[in-house]
Amino acid sequence: MSLITVVSGPENRPLFFLRGAASTYAFGVHPAGLLCHLHWGGPLAPDAALAERYESGGIPFGPELVRIPPFGGRAPLDLLRMEYPTANTGDFREPAVDVLHADGTRGLRLIYVGHRVVAGKPALPGLPATYVESADEAETLEIELRDAREDAPGEPALCVEATLRYTVFAGRDVVVRSARVSNRGARAVTVLRAASASVDFTPRRLDLLTLPGAWARERWVERAPLRAGLHESASRRGASSHQAHPFFALLEPTADEARGEVHGFSLVYSGNHRGGVEVTQTSQARAFLGINPDGFAWRLEPGESFQAPEVVLAYSAEGLGGLSAQYHRLYRERLVRGAWRDRERPVLINNWEATYFNFDADKLAAIARTAGELGIELFVLDDGWFGKRNDDTTSLGDWVVDRKKLPDGLGDLGRRIEAEGLRFGLWFEPEMISADSDLYRAHPDWCLHIPGRDRTEVRQQLVLDFSRREVVEGVYAQVAKILREAPVGYVKWDMNRHLTEVASASLPPERQGEVSHRHILGVYAFAERLAGEFPDLLIEGCSGGGGRYDPGMLHYTPQFWCSDNTDAIARLRIQHGTSIVYPPCTMGAHVSAVPNHQVHRSTPMRTRGDVALAGQFGFELDLTKLDAADLAEAKDLAAQAKATRHLLRHGDLHRLQDPHTGNLTAWMLVSPERDEAVVTVVLSLAEPNWRLPALRLRGLDPGARYRCVHGPAGEWRGDVLLCIGLPLDELKQDFQSLRWHLKRV
Ligand code: GLA
């Protein structure tokens, strides 16, 4: 296997060709020693002659680098397509990296020093990352760059290096990039920014697709043509956030779900991020993604390094659907990890919307009894079981069972649930603290705060300072004690506010710019410990719904509560947008009561069920209040979840109709063998005097026959389903759904 080819060009300057399944990423060393981009797109054969294809010439009023020993040549700094652009040395576009030196000057000029290719993919210590299980799954290229600066005679050396890492996986069209900045000089420097990746495109027209949102409205799809200037998507909230998702894609304007070139950027990180595109005077697009430099300053003593998180670049010439397929496969196979990665996940019932804070052991056991009768496999006790938590004003940080609600403790409740045939799961919010808590009274300095300033509250709570090891350890000890003592098989890990007054009582003034990243490293350290001690625990991530649904958290939490909005119709856009990057098996989706608690809409049980079946299925309502018809429907839904969950784990998703652009939503999942599929169709609003056209399917075997084994009866030839489609005549009413489970005859 040779995924990475290094070609020696003129004057032994190397060119690098990273080969994907149907794509190539290529770059090399320019005559002036700079690392320059050549190509990211369709397959391109390695060729030394491409060394002639770096930009040359220059434009009026443009800066030009004339020569750097030992390299010669002229470099049009405003035009060159750079692999890792620097600040304050002639490239006026968006820099990837910037450093404040001990002498107060800023900037770098990074020159190629050397490279090495290694089999597999080295880990990123302390950070979540994609991985390999054997060295032949991938190859990694490491490029060493050094700042070209001569030291003043008699002064201590100033020397900064950057190491760029590129991993290509066999059989995939992804390149995983990351960057490390090291201080090799004799005095401290401060890293002001260190993006994970930057890519310069040749001049062309492109659309930018982003996934912005809000609480209960996560990851809506927005697409618009790029214009001159800067377009960014950034979070300063200390979390990846509901508002700005750490992902974007660039599409050729004619690209759609199934056709056209699409380039994706996805950051494996859960804190402040900034990504975007700058379209320059010559219509080049520079795309970048990494930790948000705003508020960030990382001090490096001599010999220290800063490791930026990784960004997953994916490419497809088969439209947005092709791009999603790249992300889905990689993320479910080599980002999510642990015992639950390949296991079918349990059908669950969560008590939050059923009871909120108002429950006791008998109420929970009654729900569990009905759940057991319906075939539900896991009971999740949500917020309100600890401290004195009868509302959201108190007790975060006091992870001790509330004996008023549960007099016989969690162990007893867990056993009662297990007696009904269900596993037991529990909600935690480990990073948070209520001002009204024993923990806060004991450690008022354990939260993020600035001395002398008011502490901004969100949902009456403060954020623990996870940049401090003793804080992480203190909370871990409490959580682990519960998990050791009660029969808990699942944890819902919540995080219900963003970070303000970002400062740490334990860091010196010159390191306060490190707090938000150190906090996230603390979150990851907590997750690592949990996974290490409780390898069989299934963890579902959550942050006020899908506020921290990102690749960083998915590394530790194989599924994520997609949104606090449980309305089936609102969920269509949320789940559709989420599926651009994330596989359906990561998407927590529950059937809740009507009228819906977030939008007050009433939809049929079947529709709520069909939409939830498109993700990791569960219920979140008081089952003891359902009538006989709804109970029968719920039982059938639970059975369907089990009958089709292998498709959720391994199937390929096709988005057939987009809820952002019309009244109809349609998705399908097809098994890798093409012998089985589920098709979900939802009509949001019916129209008079209007007939729905048949729905053309994708991904099926044209030579096969398929029979519907659950859903509207019928049997069709694959080619007919692909070319003519599935009849939608039965779909007539507002909020109505249909779901076919097709099997090859
Ligand atoms: C957040 C979660 C909900 C629920 C509540 C409990 O809002 O997203 O699912 O767990 O917290 O307080």
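**View A. The start of helix 9 and its cap.** Aspartate 567 caps the N-terminal end of helix 9, with a side-chain oxygen 3.2 Å from the backbone nitrogen of isoleucine 569. (A polar contact here is a pair of N or O atoms within 3.5 Å; within protein, one must be able to donate a hydrogen and the other to accept it, and residues adjacent in sequence count only if both atoms are side-chain atoms.) Helices are DSSP runs of H or I with at least four residues, strands are runs of E with at least two, and both are numbered from the N terminus. A word on the model: it is predicted, so local features need pLDDT of at least 70 and side-chain atom pairs count only at pLDDT 80 or more, while totals for chains, interfaces and linings use all residues. Residues are numbered from 1 along each chain as its sequence is written, and side-chain values use heavy atoms, with hydrogens and water left out.

View B. Ten of the eleven residues of helix 9 (residues 568-578) are buried, so the helix is largely enclosed by the rest of the structure. Buried means under 20% relative accessible area, exposed means over 50%, and partly exposed is in between (1.4 Å probe, protein chains only). Among the buried ones are Arg571, Gln575 and His576. The cover over them includes strand 30 (559-561), strand 31 (587-592), helix 10 (605-613), strand 33, strand 34 and strand 35 (676-683).

**View C. The largest cavity.** Helix 9 turns up again here: along with helix 11 (628-650), strand 34 and strand 35, helix 9 gives two or more residues to the lining of the largest cavity. On a 1 Å grid over the protein atoms alone, a cavity is a set of points where a 1.4 Å probe fits but cannot get out; a pocket is an open set with protein on both sides within 12 Å along at least five of seven lines; and lining residues have an atom within 4 Å of a point. The largest cavity has a volume of about 150 Å³. Of its 17 lining residues, Pro584, Ala614, Leu653, Trp667 and Leu669 lie nearest the centre.

**View D. The largest pocket.** This one holds about 1,100 Å³ of space. It has 46 lining residues, and the closest to its centre are Glu257, Ala258, Gly321, His654 and Arg698.

**View F. Arginine 286, tucked into strand 19.** Arginine 286 sits in strand 19 (residues 285-291) and is buried, at a relative accessible area of 1%. Its side chain reaches the backbone oxygen of glutamate 94 at 2.9 Å. Leaving aside neighbours within four places in sequence, arginine 286 is in contact (heavy atoms within 4.5 Å) with residues including Asp91, Asp200 and Glu278.

**View G. The largest nonpolar core.** A nonpolar core is a set of buried Ala, Val, Leu, Ile, Met, Phe, Trp, Tyr and Cys residues joined through side-chain atoms within 4.5 Å. Of the 169 residues in the largest one, Leu381, Trp385 and Phe619 touch the most other members. Helix 6 (residues 469-485) gives the most to this core, with eight residues.

How values were computed:
Points joined across faces, edges and corners; volume = space filled by probe spheres on them.
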